[in-house]
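Biologist: I would like to learn how to read a few features from a model. Could we take them one at a time?

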Amino acid sequence: MMMMMAGEHVLAALATLLLASLLTLVLNHFLPLPLNPKAPRGSFGWPLLGETLRFLTPHASNTLGGFLEDHCSRYGRVFKSHLFCTPTVVSCDQDLNHFILQNEERLFQCSYPRPIHGILGKSSMLVVLGEDHKRLRNLALALVTSTKLKPSYLGDIEKIALHVVGAWRRHGGVRVVAFCEEARKFAFSVIVKQVLGLSPEEPVTARILEDFLAFMKGLISFPLYIPGTPYAKAVRARERISSTVKGIIKERRSAGSWNKQGDFLDVLLSSNELSDEEKVSFVLDSLLGGYETTSLLISMVVYFLGQSAQDLDLVKREHDSIRSNKGKEECLTSEDYKKMEYTQQVINEALRCGNIVKFVHRKALKDVKYKEYLIPSGWKVLPVFTAVHLNPSLHGDAQQFQPCRWEGTSQGTSKRFTPFGGGPRLCPGSELAKVETAFFLHHLVLNYRWRIDGDDIPMAYPYVEFQRGLPIEIEPTSPES
């Protein structure tokens with residue numbers, strides 16, 4: 001009898017504990033609502049999950065998606081929600097987005113979900129804050145500037161582009177290629193050459209690429225650290241990449257001045273400002289930025305040009321004109337790049353329509369009053385770039401791919417165009433991505449005609465990906481390269 005009574009007490013205690021936990025969960029979820037009556041209008045959805053699943057529902061990257069369309073129509077272009085397990089203000093307003101980006105570390109702070117830190121590492125430039133971020137970004141800007149000034153940089157890009165597109169010709173006639181894979185091959189070969197001085201043929205390059213692919217899959221996966229899951233594989237892949245980079249660093253130091261490659265790593269090794277762990281993290285950040293963003297941009301350009309014969313013809317004429325003033329084997333120069341004016345318009349329009357970066361994560365450091373909005377201290381803030389890029393009041397016929405809209409306008413970042421972010425966290429390598437895209441496109445349009453094989457569109461998950469890898473049917477335009 002006593003055992004039965006004890007069992008009942010345990011069950012009663014467990015039921016009470018469960019009820020208290022549920023009540024705490026509900027209170028923690030909804031309590032911010034009455035405590036912050038002046039926050040923007042909106043809804044919080046279900047406890048714990050909030051509206052995260054609806055927010056992350058895949059949609060074509062050249063659309064807002066159902067969640068944002070619904071909430072903007074109901075609450076306006078700035079609204080509150082409960083996303084990523086925290087109260088959130090979502091901004092689809094160009095002025096507020098600009099205000100958030102320009103007040104980094106004063107009113108707002110970078111605030112990516114904790115699992116991202118587990119993969120990128122605590123020293124990653126994408127997650128470090130304050131003076132640490134400023135120090136790393138200044139180094140990144142210095143490296144980018146020195147790279148742009150090196151004659152060998154443009155030569156390396158062109159050599160790798162010719163290697164990639166030339167391989168298609170060896171198969172002869174019409175063939176189908178998974179273009180996203182080819183674009184990644186090109187972008188990775190370029191960035192690994194610039195950062196580590198490695199050529200595509202070296203075994204270590206293939207090893208880094210294999211680990212890097214596992215790393216990328218985990219970066220966009222559900223953060224569950226159980227052996228065998230993509231997230232766990234990504235953490236292990238990062239450890240292997242770090243070990244490989246540390247091995248390269250050790251070899252460079254052993255060889256001393258006899259083994260100068262003139263790459264990012266040489267500059268990093270000459271710096272006394274960074275620890276070895278920060279140097280390894282910096283290399284990984286450089287590979288990530290130079291690989292994923294550039295390859296996706298090239299794929300976007302090919303996708304949108306594949307939808308518009310008129311724009312493709314204009315691009316081809318521009319590159320025909322540039323090539324006609326050069327010898328057959330003569331390399332492209334920085335002056336040639338400046339002449340690629342319509343190509344630049346195409347690249348900008350692909351960035352606007354494709355929305356490689358949909359939004360960024362920030363957190364309010366204090367109560368922020370902006371116009372009629374109050375953003376409570378500690379709340380997550382999501383500036384949504386896609387909503388500005390596709391706003392018809394800012395871009396006429398916003399759903400249409402129209403490169404000519406950029407004619408005579410600034411090609412850089414502005415309030416209504418933030419494909420690479422803005423403020424102190426503006427991507428330092430954005431111009432390099434455009435150069436690599438333009439040079440690759442030069443050899444593609446001069447040597448091949450293509451069409452998209454079947455239906456494929458860029459989807460936002462929120463990371464952007466072509467579901468089928470963008471298969472294209474290509475055919476050489478002449479028997480000789």
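Biologist: Where is Ser 61 found?

Modeller: Ser 61 lies in the loop between β1 (59–60) and α4 (66–75). Helices (H or I, at least four residues) and strands (E, at least two) are DSSP runs, numbered from the N terminus. This is a predicted model: local features need pLDDT of at least 70, side-chain atom pairs count only at pLDDT 80 or more, and totals for chains, interfaces and linings use all residues. Residues are numbered from 1 along each chain as its sequence is written, and side-chain values use heavy atoms, with hydrogens and water left out.

Biologist: Is Ser 61 buried or exposed?

Modeller: Buried means under 20% relative accessible area, exposed over 50%, and partly exposed in between (1.4 Å probe, protein chains only). Ser 61 has a relative accessible area of 2%, so it is buried. Not counting residues up to four places away in sequence, Ser 61 touches residues including Met 300, Cys 353, Thr 386 and Met 459; contact means heavy atoms within 4.5 Å.

Biologist: Which residues are buried in α14?

Modeller: An α-helix has 3.6 residues a turn, so residues three or four places apart point the same way. In α14, Asp 311, Val 315, Glu 318, His 319, Ile 322 and Arg 323 are buried. Seen down the axis of α14, the buried residues fall within an arc of 135°, so they line one face of the helix; the arc is that of the directions from the helix axis to the C-beta atoms. The face turned away from that side carries the exposed residues Ala 309, Gln 310, Arg 317 and Ser 324. Among the elements covering the buried residues of α14 are α8, α13 (276–306) and α18 (430–447).

Biologist: In what order do the three strands of the open sheet stand?

Modeller: Strands of a sheet pair through backbone hydrogen bonds, either parallel or antiparallel. Here the order is β5-β13-β10, with antiparallel pairing; two strands pair if DSSP finds at least two bridges between them. β5 (175–178) and β10 are at the edges with a single partner strand each, so one side of each has no neighbour in the sheet. Five bridges join β10 to β13 (residues 471–476), and Arg 451 stands opposite Glu 473 in β13.

Biologist: Which side chains of β10 are buried?

Modeller: Along β10 (residues 448–452) the side chains alternate.
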